[in-house]
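Hello,

The structure is below, followed by notes on what was found in it.

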Amino acid sequence: MPTPLDELIEALRCLPGVGAKGAQRMAHHLLQRERRGAQRLARAIEAALATLTHCARCNAFSETAVCARCSDPARDASVVCVVESPADMEAIEQTHTYGGLYYVLMGRLSPLDGIGPKELELERLLARLAAPEVREVVLATNFTNEGEATAHWIAERVRPRGVTVTRLARGVPLGGELEYVDAATVAHALIDRRRLDAT
């Protein structure tokens, strides 16, 4: 039967990039040197799980049915930027160059991992982009094979509706993920985004 320490180590392994050794080090650190920090972490996770849901418009995490960003009348509702994760959305926000709205996919198409359009609820995205005020869709998925495939899938279904489809410029390196790219590079990629025309 696993001990409480074993359970903690195994629980920490669910974090991205954390293997068995890293989880073991974290668990020992929390129990040995950061007991108050560990209690605060446990309370914060519990509170987040109890209070956060997905915004009905952008799918980002929110305490309310529609998040503050989507409710802000100062934002340009005619432009919707599609990103893979909340971290990518924050990376774009930190550039202070984008004033439109967002849609967060919470992933990307990855057939090898069993993640297809149904798992990402892409029909929900398409319904969001069908709103009459939407004039441009900025595809800001990562420049990975999966990110490119996701952008292509969305573009093929949005373009026939007469909506302008743009893609971030290639200032973001191939294989790069937005949350790890510096704000200046993301800003230039956003400003220099290009229109995706049918090939």
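How many aromatic pairs does the structure hold? It holds one. The ring centres of Tyr98 and Tyr102 lie 5.2 Å apart with the planes at 65°, so the pair is edge-to-face (rings of Phe, Tyr and Trp, the last by its six-membered ring, pair if their centres lie within 6.5 Å; planes under 30 degrees apart are stacked, over 60 edge-to-face, the rest tilted). Both Tyr98 and Tyr102 are buried (under 20% relative accessible area; exposed is over 50%, partly exposed in between, with a 1.4 Å probe and protein chains only).

This is a predicted model, in which local features need pLDDT of at least 70 and side-chain atom pairs pLDDT 80 or more, while totals for chains, interfaces and linings use all residues. Residues are numbered from 1 along each chain as its sequence is written, and side-chain values use heavy atoms, without hydrogens and water.

The sheet is open, with five strands in the order β4-β3-β5-β6-β7 and mixed pairing (strands are DSSP E runs of at least two residues, helices H or I runs of at least four, numbered from the N terminus; two strands pair if DSSP finds at least two bridges between them). Its edge strands, β4 (100-104) and β7 (194-195), each pair on one side only. β4 pairs with β3 (residues 76-83) in the parallel sense, over five bridges, and Val82 stands opposite Tyr103 in β4.

The charged end of Arg157 sits over the ring of Trp153, 3.8 Å from its centre (the criterion is NZ of Lys or CZ of Arg within 6 Å of the ring centre and within 35 degrees of the ring normal).

Leu49 is in helix α3 (residues 35-51) and is exposed, with a relative accessible area of 70%.

Regards
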